[in-house]
Structures are given as structure tokens and as C-alpha cells.
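Here is a short report on one protein model. Look at the structure first, then read on.

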Amino acid sequence: AIATALTGTIGAQSATASRLPTSNMAAYRAYHEALALSQDLRDLTSEAYRDLLRKAGTLDPEYTRPWAELVGSLALSNFGGEAPDEMAELEQALAHIQAVAPGSADALIAQAYFTYYIIKDYELAHDVAMQAQALAPSDTRLVAMQSWIERRLGDYDARVDTLRLARELDPRNPWWTNT
């Protein structure tokens, strides 16, 4: 009985863990091209980056991560002021992800980006990011966001811990050792 119960639990976790976030390989490829471009350019607001995220989201509207990162990109570029067209697109993307996957890690990530960059409520952004982290503990992009929020809050001890976690999760990424 114990072996059957464990097999059922472990088998279900393995099936969930190994499942790709989308079955549309073109959408998956477009998203990963966007990630590569953002790492090469170190620019999360470039139109080329956004276009790849839009492409991934258009190819599979239920693939939530490109939508979350698009919200982040649009919110970042509106941190210092408003661009009405970008704000409209940001709000549509945020509404879309919340409709498709309410309460998901990606919906929370998008909300944290919005709260941090647009509302500028850093405590609330931190709380939302922590909720997302509970759902996606090994997400390095989320860990990066948490480090920005902690820096903004002046919580440098937490930021150091977060950067250590980032290095553990992604040891080959030079950004974590240069931060």
C-alpha cells in the first residue's frame, strides 16, 4: 500500500515536472529566443525582445510566461513615466494572463512587475513575488526580480541571500557573480 501510494504521488509529480509549459514548439522556441536576446543585449525593453514575447504569446495564448515577461518589459519602460500605448498593451497582457491562469506563478510574477514598476509599492511587490516564489522556487528570473525589490527596500541581507540562491540555481550565469 505504501509503495502504491508513493508511486502514485511520485509518478504524478514527475509527470507534472517533466511537462513543457506549452505543446507549441514554435511558441516555446520564440520565448527562448527572447530569453537569449535579453541575456545578450542585457536590455529587457528592446522591441526585438518584446516582439519575440508577443510571437510566443500569439502562437500559444495559454503559454503564460511570455505574457508575464511582456508585462515586465512594458512596466520597466514605464517606470519613470507613462507611454499610453505601452500602458494599454501592458494592461491587456496583465488582464490576459490573469484570465488564463489566475493565481499561477506567472500571473503573480506579472502582478509583481506591475506593482513594482507602475504602482511603486515595493513592499506589496515583495509580498507578491514571495507568493510566486512559493509556486516556482527555482525560477531564476523571479529570483532576479526579488533581488531588485530587496535592493529597493534596502534589505541588503535578504538580497545577498537571494543572490546566493540565484548562483545555486544558475551557477553558469556570469550575471550572478558580477552583481
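Is E69 buried or exposed? E69 is buried, with a relative accessible area of 2%. Buried means under 20% relative accessible area, exposed over 50%, and partly exposed in between (1.4 Å probe, protein chains only).

## About the model

This is a predicted model: local features need pLDDT of at least 70, side-chain atom pairs count only at pLDDT 80 or more, and totals for chains, interfaces and linings use all residues. Residues are numbered from 1 along each chain as its sequence is written, and side-chain values use heavy atoms, leaving out hydrogens and water.

The whole structure holds ten salt bridges. Each is a side-chain nitrogen of Lys or Arg within 4 Å of a carboxyl oxygen of Asp or Glu. E69 pairs with R141 in one of them (3.4 Å, N to O). E69 lies in helix α4 and R141 in helix α8, so the pair ties together parts that are 72 residues apart in sequence. Helices are DSSP runs (H or I, at least four residues), numbered from the N terminus. R141 is buried, at 18% relative accessibility.

R65 bridges to D139, with the closest N and O atoms 2.4 Å apart. R65 is in helix α4 (residues 64–77) and D139 in the loop between α7 (122–135) and α8, so this pair links parts 74 residues apart in sequence. Both R65 and D139 are buried.

## A salt-bridge network

E47, R50, D51, R54, E86 and E89 are linked in a network of salt bridges. R54 and E47 meet at 3.0 Å, N to O. R54 is partly exposed at 23% relative accessibility, and E47 is partly exposed at 42%.

Conventions: Helix = DSSP H or I, 4+ residues; strand = E, 2+ residues; numbered from the N terminus.
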